[in-house]
Amino acid sequence: MTLNLRQKQTECIARMLNLNQPITATGTANEEVYKILIYDKFCQNILSPLIHVKDLRKHGVTLYFLIDKDRKPVHDVPAVYFVQPNHSNVQRIVNDASRSLYQSLHLNFSTSIPRPLLEDLASGTLNSDSIQRISKVHDQYLEFVTLEDNLFSLAHKSCYVQLNDPSAGDREIEEIIENIVNGLFCVLATLAVVPVIRCPRGGPAEMVASALDQRLRDHLLSKNNLFTEGGNFVSSFQRPVLCIFDRNFELPVAIQHDFRYRPLVHDVLGLKLNRLSVQGEKGGMRSYELDSSDSFWVANGSLEFPEVAVEIETQLNKYKKDVDEVNKRTGGNHGAEFDGTDLIGNTKHLMSAVNSLPELTERKQVIDKHTNIATSLLGEIKERSLDSYAKKENDMMVRGGIERNELLGVLKGKGSKIDKLRFAIMYLISSETINQPEAEAVEAALREFEVDTAAFQYVKKIKSLNVSLASANSASKSNIVDWAEKLYGQSISAVTAGVKNLLSNDRQLALARTVEALIEGRQNPEIDSYLSFDPRAPKSGSGASSSHLKGPFKEAIVFMIGGGNYVEYGSLQELAQNQQPPKHVIYGTTELLTGVDFVEQLTLLGQKMGLGNVGSTSTQ
C-alpha cells in the first residue's frame, strides 16, 4: 500500500468533522448532525487545499468562522473547533464557553496541546462554570499543509533566515528545530509510519534528524502510541526512508529561473495553496484552482512552457472535433459551439449526446482555464525575457561561467530588478572562482538599476569562504571553520560540505541524485558519510549505521529545511517514475518559496551583516 498523504489527512479531517466518530462508507460525516466549524488562520490554510465549501455541507457543516471574529450565539448546535494550541486560541475558547455561544464545544488542536495550556483551559472553564460545554479535547497531529498527494509544507515562514542569522542564539535555533520536528512528527503520525532517517552530517539537517529520532523513540515507549493503531498497516510493507536536507545543500535550484509549467506558474503567477488569480479575457481577475482534480495540470505540469502551449492547442482541436461529432450524430450544425440546445434529429443518438454533455463542458472549462493562465505567462515571459534567463542560467551551470559581455548584456537588458539579481547570484554560484573585477562590474550594473546588492554580497562572502576552505590545508582549516561558524551561525558547515553540489554540471539535481543513492542503498562515496537513525531499534552510537538502514527502499519522504520549490518536487517525481519498478517519493519542506521569496531572504541575511546599498530601493 503506497503512502498517500493527501488522502490520509483528508480522512482525519472528515473524522474530525464527524465529531471524531467513524465516518460512513461514502467517506462523509453524518449529515443529520448540523454543526458549526471554527478555525484559526493556520488551520484554514490546512483545510483550504483539501476540502471545499460544498464538501463541508456533505459533512453537516452549515456555518464556518475564523476564531478571532465576533460571532453570534447559536445555542442548539455543536461547534467543532480546529485551531493551533496557543494562548490566544485557548482564551477565545474559554470566552466562547463562558458565553454559552454553542450547545457543546468539540476541541481539536492541530498538534499536541502543552500541559500548561490544557490547565489554562480547565481552570478558565471551571471558573466561568462552563466546563460542561466542553464535549471532547483531541490532539489531531495535522499541523502541515498537503498540496498534492506527494507534496506538503509545514508553512514555517522565513526559516532560512532564522537558521542562518549570525545573531541567532542557541535557544532560538533550538525552538525552530523543535517546531520542524513537531511538524514532521505530525506527518509521520498521519501516515502511521516510523521511517529510517538519513541525513548529511552537521548543520540543521542533523539537528532535526537527531531530535526527531529521540521524539519518535520517546513516543514509541508509551503503550497507546500513534503508530501501533495502524499496526497491520505498518507491517504490510517495507518501511520508508526519510531523507532530511538543508537548503544550503543545493542553493542554485532555489534561485534560478525555470521554464517548466508548474515552477513557472508558481514563480511568476504566485500559486499559493493551489490557487492563483490571473487577468480574465474580458478584463477583471479570474481565480483558478490547480490541484490533482485538474487532469491537464497533473499531466503537463512538468513540461516546458512551449510544449504546454502546443498541448492546449491539441486539446482544443480535439474538443472541437468531439463537439462536431456529437452535433453530426444528432443532426446539429457543423462547427457549432456545443451548448445542449441543438439536440434535434435522430433520437437514437440523443441519450449518448446528453450523457457526453457534462464531460465536454468540463473539458472546455479546463481548456479555457489553462489558455488564460498560459496567456498571462506569455505576457510576463515576453516582457521580462524569462526564456532567455532560464536558458542562460542553465548554460552557466553547465559551462561553469559566462562571457563578461554576455553577462553584462543580460543585466542591462529586459527583466525586473529581482530577475537581474537572481541572474547575478547564479553567475556567482556557477563560477568556480570569483573574478574580482568582473564581480565589481556586476555590482555596478545592479546599482545602476537601483537593485539592493545585499543578497549578491552575502552569497559572494559565503562563496569566497568556500574557496578558502577548499584550498586551505587541514591545520589552518579548523581556524577558518571556527571563525566562519561564529560569523555565519548554522549555515557554514552545510555550505562548505556542498561546494561540489554548487558546481554540479549534471542536468539531474544533486538532491535527486543523492535521494536515488539513498533509496537504492548501494555503496556510494557521496552518501557513505550520511548518518542513519532507526527509532525502532535499540540506541547505539550516534548515527551508527547497520545494514538494514541502508536500503533498498520502495518509498521515501524527502524533507528540505529552509524552503523548497516545485523544481525539486518535479525532479523527485520524475526520479520516482524512472525507477524500475517505480518508487514512491513524497516531498516536503518548511515552506514553498519562489525564487523571489528566497532572494528576499538572502537580502535580509546580507542586511543583517551590514551588506548591500545603504538606503537603496526595494528589489521588486
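A nonpolar core is a set of buried Ala, Val, Leu, Ile, Met, Phe, Trp, Tyr and Cys residues joined through side-chain atoms within 4.5 Å. Keep that idea in mind as you look at this predicted model, where the largest such core has 74 residues. The protein chain holds 24 helices and 14 strands, and of its 620 residues, 52% count as buried. Among contacts in the chain with a separation of 6 or more, 78% are between residues 24 or more positions apart.

**The nonpolar cores**

- In soluble globular proteins, nonpolar side chains tend to be buried together.
- Which residues have the most contacts inside the largest core? They are Phe245 and Leu377.
- Helix H22, residues 510-520, gives this core its largest share, with 7 residues.
- Leaving out residues up to four places away in sequence, Phe245 touches Pro200, Ala205, Leu511, Thr514, Val515, Leu518, Tyr530, Val558, Phe559, Met560 and Ile561.
- A second, separate core has 40 residues, including Tyr160, Val410, Phe423 and Leu611.

- Is strand E13 enclosed or open? Because 7 of the 7 residues of E13 (residues 555-561) are buried, this strand is largely enclosed by the rest of the structure.
- Strand E9 (residues 241-246) runs parallel to E13, and 6 bridges join the two. In this pairing, Val241 stands opposite Ala556.
- Strand E14 (residues 584-589) also runs parallel to E13 and is joined to it by 6 bridges. Here Phe559 stands opposite Gly588.
- Helix H23 (residues 566-578) belongs with E13 and E14 to a right-handed β-α-β unit.

**Aromatic rings**

- There are 13 aromatic pairs in the model.
- How do the rings of Tyr81 and Tyr102 meet? Their centres are 6.5 Å apart and their planes stand at 65°, so the pair is edge-to-face, a label used for planes over 60 degrees apart.
- Tyr81 lies in strand E3 (residues 79-83), and Tyr102 lies in the loop between helix H4 (87-98) and strand E4 (105-109), so their pair ties together parts that are 21 residues apart in sequence. Both Tyr81 and Tyr102 are buried.
- Phe245 comes up again here, forming a tilted pair with Phe249, with 4.9 Å between the centres and 45° between the planes.
- Phe245 has a relative accessible area of 1%, so it counts as buried, the word for values under 20%. Phe249, with 10%, is buried too.
- One aromatic cluster is formed by Tyr141, Phe185 and Phe227.

**Charges over rings**

- Arg215 lies over the face of Phe185, at 4.1 Å from the ring centre.
- The charged end of Lys420 sits over the ring of Phe449, 4.5 Å from the centre of that ring.

**A buried loop residue**

- Where is Ile255? You will find this residue in the loop between E9 and helix H10 (261-269).
- Is Ile255 buried or exposed? Its relative accessible area is 0%, so Ile255 is buried.
- Setting aside neighbours within four places in sequence, Ile255 is in contact with Arg422, Ile425, Met426, Ile429, Gly595, Phe598, Val599 and Leu602.
- Ile255 and Leu593 are 338 residues apart in sequence, with their C-alpha atoms 9.6 Å apart in space.

**Backbone points to look for**

- Most residues other than glycine have a negative phi, and most peptide bonds are trans.
- A cis peptide bond joins Gln580 and Pro581, with omega about -10°. Pro581 is in the loop between H23 and E14.
- Ala155 is not a glycine, yet its phi is positive, near 55°. This residue lies in the loop between strand E7 (151-153) and helix H6 (159-164), and Ala155 is partly exposed, with a relative accessible area of 30%.
- Leu273 has a positive phi too, about 50°, and it is not a glycine. Look for Leu273 in the loop between H10 and strand E10 (275-279); this residue is partly exposed, with a relative accessible area of 22%.

How values were computed: Residues are numbered from 1 along each chain as its sequence is written. This is a predicted model: local features need pLDDT of at least 70, side-chain atom pairs count only at pLDDT 80 or more; totals for chains, interfaces and linings use all residues. Side-chain values use heavy atoms; hydrogens and water are left out. Rings of Phe, Tyr and Trp (its six-membered ring) pair if their centres lie within 6.5 Å; planes under 30 degrees apart count as stacked, over 60 as edge-to-face and the rest as tilted. Helices (H or I, at least four residues) and strands (E, at least two) are DSSP runs, numbered from the N terminus. Buried means under 20% relative accessible area, exposed over 50%, partly exposed in between (1.4 Å probe, protein chains only). A charge sits over a ring if NZ of Lys or CZ of Arg is within 6 Å of the ring centre and within 35 degrees of the ring normal. Contact means heavy atoms within 4.5 Å. Two strands pair if DSSP finds at least two bridges between them. A crossover is right-handed if, with the strands pointing away from the viewer, the path from the first strand over the helix to the second runs clockwise.
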